[in-house]
Amino acid sequence: MLDKIDSPADLKGLSLAALEELATELRHEIITTVTTTGGHLASNLGVVELTIALHRVFNSPSDKIIWDVGHQSYVHKLLTGRRKEFGSLRQYGGLSGFTCRDESEHDPFGAGHASTSISAALGMVIARDLAGEDYHVVAVIGDGAITAGMSFEALNHAGHLGSRLIVILNDNGMSISPTVGALAKLLGRVRLDQNLLKVKKRGKRIVTALPKGEILWRLSQKLEDRFKELFMPTPIWEELGFTYIGPIDGHNINDMETVLSQVRDSASKPTLVHVVTTKGKGYSPAESNAVYFHGVAAKGGGNGGIPTYSEVFAQTMLRLAREEPRLVVVTPAMPEGNCLSIVEAEFPKRVFDVGICEQHAVTFAAGMATQGFIPVVAIYSTFLQRAFDQIIHDVCLQDLPVVFAIDRGGIVGDDGKTHQGTFDISYLTLIPNLVVAAPKDENELQHLLYTAVKSGRPMAVRYPRSAGLGVPLDAELREIPLGEGEVLRYGEDVAILALGSSVAPSLEAASKLAAKGIEATVVNARFAKPLDASLINDLSSRIRRIVTVEENVLNGGFGSSVNKLLQESGRCNVQVKNIGIPDEFVEHGSQAVLRSKYGLDAEGIARQVLKLFPDSFKDLSLGVDGKAKAA
Ligand SMILES: Cc1ncc(C[n+]2csc(CCOP(=O)(O)OP(=O)(O)O)c2C)c(N)n1
């Protein structure tokens with residue numbers, strides 16, 4: 001079946017039996033591919049029938065289907081002409097793991113971050129109406145993503161405008177972890193109600209056989225009304241100005257087609273169709289453990305037993321929570337990614353999953369800090385972008401002691417452009433009062449977290465997505481003086497100032513350079529703010545070439561702060577080279593491939609340092625394999 005589908009048009013004439021067969025093949029294709037390439041598995045298995053129904057009822061690309069987050073768009077990709085490239089999912093140069101406007105005309109809006117679909121869809125709706133056109137706009141959003149403030153801002157606005165917009169709420173009860181919050185509870189009652197409805201249907205068959213005056217009959221009518229009052233979430237959506245339809249079984253293609261066709265043909269105002277699905281549907285390991293199978297790693301991964309930075313973060317939090325009763329941890333819907341289960345298990349009242357609500361997470365933490373608590377916001381670099389103003393206005397302006405534990409800083413790899421953590425050093429170092437640090441290894445991570453918790457200041461500690469370097473973890477935690485770097489290696493030809501994950505490859509680059517007769521000093525900067533001004537000034541008074549290395553955009557990054565310092569210190573005679581990410585978005589691919597592309601691995605760093613040397617060194621240029629090449 002799947003071989004015959006090149007575009008959604010090929011779905012239109014198929015029988016229900018053929019569609020069900022197609023659903024099975026789609027699941028098979030997704031399971032075999034994603035368990036090799038890595039990617040979002042359970043979410044995609046849950047939307048197979050929904051995606052088929054959407055593409056049969058609507059006419060993409062003239063009708064616009066917008067997938068929130070875009071992580072569940074694999075079925076959509078397979079049905080919209082991307083089957084042949086599907087094996088390249090998330091690989092360098094291959095298909096993106098999310099929706100992407102550059103990839104297909106069937107992706108009207110790119111995503112990767114959650115909760116943008118209703119706003120984008122509403123924008124398209126208004127553009128359509130202003131242009132006098134007549135297509136349908138459908139936003140598909142999960143029960144996790146709809147809890148974000150941005151979704152509610154959009155719902156509120158959509159209800160106010162009253163224009164024809166279709167929102168499909170794909171409710172599987174799960175974000176990555178179980179969805180949290182009052183709305184989740186309300187939706188949970190509806191899902192429960194589905195089961196109750198089944199029981200009720202059976203009961204009704206018996207009861208309707210009774211004469212109308214019977215007590216049992218009257219009781220059943222009362223119960224039915226009570227069920228509706230108790231369980232149906234209609235009022236909340238209706239009050240927001242939407243027509244509510246549902247709940248519908250999201251694995252029944254027929255039912256969905258019937259409802260979606262009705263909505264397509266008759267809705268004239270915002271309409272929310274509530275579809276209930278099972279995350280991981282059709283693959284029992286994923287159905288029974290949707291959290292684990294939300295995202296799976298590519299084949300051949302593994303850390304060789306070395307703990308990841310995220311794991312060391314969580315272990316450190318556990319230690320600190322035992323010693324410091326004022327410590328609390330806040331996560332915006334990422335307890336899994338941040339490995340927080342060990343902390344939550346021991347301190348369930350001091351770990352807060354606030355949902356996909358980064359802005360709220362930061363201000364919520366600020367509020368707790370005003371009352372003497374020490375909140376640690378555990379967050380991915382890319383998602384912290386959402387809370388830029390909250391960091392400035394609510395935390396730093398009031399100089400509150402909130403710790404930002406920033407995971408996935410730098411190049412994250414296969415999630416691609418939407419997820420790279422390559423901006424945080426820039427957007428954090430410009431904020432007054434904030435200390436910004438990055439450890440050279442997992443041992444230093446624990447000391448910097450300890451330092452941050454003790455500091456009484458707003459402080460960010462940024463670390464990469466990877467296993468640690470395998471260094472031993474000190475038993476005693478110690479405070480590192482704020483703004484103090486360390487010299488790891490001495491050499492008089494060039495000083496390489498490296499930040500965080502760039503320290504290890506810089507050291508390796510220094511060894512390569514030494515083999516060619518160039519002696520490099522290597523500094524673990526540790527702090528992007530405040531800089532170790534005395535160390536940098538001292539080095540620049542003795543060494544004529546300064547190189548900075550960071551996994552961050554060069555604009556406004558660590559290197560640019562060093563440049564400013566050198567300029568202010570009047571070091572005009574020093575030759576400076578900044579190594580980092582140029583002014584562009586970093587696409588998807590493995591971390592190794594991307595680091596090599598941007599010259600951020602040892603080889604690339606050594607090659608760029610060599611360029612600083614006069615003609616006498618030219619014949620020392622390194623080949624791509626790291627061996628010296630004769631000029
Ligand atoms: C702003 C933002 N925060 C966090 C994430 C990480 N994330 C990706 S998918 C997801 C869960 C989404 O849940 P839901 O919308 O219910 O979709 P499901 O996977 O259950 O189908 C989260 C938290 C993100 N993509 N964007």
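This is a predicted model: local features need pLDDT of at least 70, side-chain atom pairs count only at pLDDT 80 or more; totals for chains, interfaces and linings use all residues.
Student: What makes the backbone of Val-69 worth a look?

Tutor: Its phi is near 65°, a positive value in a residue other than glycine. Most residues other than glycine have a negative phi. Val-69 sits in the loop between strand 2 and helix 4 (74-79). Helices here are DSSP runs of H or I with at least four residues, strands are E runs of at least two, and both are numbered from the N terminus.

Student: Where is Ala-333, and why is Ala-333 called buried?

Tutor: Ala-333 belongs to the loop between strand 8 (327-331) and helix 13 (341-346). Its relative accessible area is 5%, so Ala-333 counts as buried. Its phi also has a positive value, near 70°.

Student: What joins Ser-60 and Pro-61?

Tutor: A cis peptide bond, with omega about 10°. Most peptide bonds are trans. Pro-61 is in the loop between helix 3 and strand 2. Another cis bond links Gly-246 to Pro-247, with omega about -5°, and Pro-247 is part of strand 5 (residues 243-249).

Student: Why are helix 1 and helix 3 called oblique?

Tutor: The axes of helix 1 (residues 16-37) and helix 3 (residues 48-57) come within 10 Å and cross at roughly 125°. That value makes helix 1 oblique to helix 3: angles under 35 degrees count as roughly parallel, over 145 as roughly antiparallel, 65 to 115 as roughly perpendicular and the rest as oblique. The axes are lines fitted to C-alpha atoms, for helices over the stretch in contact, and angles run from 0 to 180 degrees between N-to-C directions.

Student: Which residues of helix 1 and helix 3 meet?

Tutor: Leu-19, Leu-22, Ala-23, Leu-26 and Arg-27 from helix 1 meet Val-48, Glu-49, Ile-52 and Arg-56 from helix 3. Sorted by class, that contact has six nonpolar, no polar and three charged residues. Contact means heavy atoms within 4.5 Å.

Student: Why are helix 14 and helix 16 called roughly parallel?

Tutor: They pack at an angle of about 10°, with axes 9 Å apart. The angle is the reason: helix 14 and helix 16 are therefore roughly parallel. In helix 14, Gln-359, Val-362, Thr-363 and Ala-366 meet Gln-390, Ile-391, Asp-394 and Val-395 of helix 16.

Student: How about helix 19 and helix 23: why are they called oblique?

Tutor: Helix 19 (residues 503-515) and helix 23 (residues 602-610) pack at about 55°, with their axes 8 Å apart. With that angle, helix 19 and helix 23 are therefore oblique to each other.

Student: Which residues stand out in the largest nonpolar core?

Tutor: That core has 50 residues, and those with the most contacts inside it are Leu-384, Ile-391, Phe-404, Leu-428 and Phe-558. Its largest share, six residues, comes from helix 14 (residues 358-370). A separate second core, of 46 residues, includes Leu-22, Phe-86, Leu-89 and Ala-267. Such a core is a set of buried Ala, Val, Leu, Ile, Met, Phe, Trp, Tyr and Cys residues joined through side-chain atoms within 4.5 Å.

Student: How do you know whether Val-453 is buried or exposed?

Tutor: Its relative accessibility is 8%, so Val-453 counts as buried. Val-453 lies in helix 18 (residues 442-455). Leaving out residues up to four places away in sequence, Val-453 touches Leu-320, Leu-327, Ile-374, Val-376 and Val-403.

Student: And why is Thr-308 called buried?

Tutor: Thr-308 has a relative accessible area of 15%, so the label applies. Thr-308 is in the loop between strand 7 (295-296) and helix 12 (309-323). Beyond residues up to four places away in sequence, Thr-308 touches Asn-303, Ser-466, Ala-467 and Gly-468.

How values were computed: Residues are numbered from 1 along each chain as its sequence is written. Side-chain values use heavy atoms; hydrogens and water are left out. Buried means under 20% relative accessible area, exposed over 50%, partly exposed in between (1.4 Å probe, protein chains only). Ala, Val, Leu, Ile, Met, Phe, Trp, Tyr, Cys and Pro count as nonpolar, Asp, Glu, Lys and Arg as charged, and the others, Gly among them, as polar.
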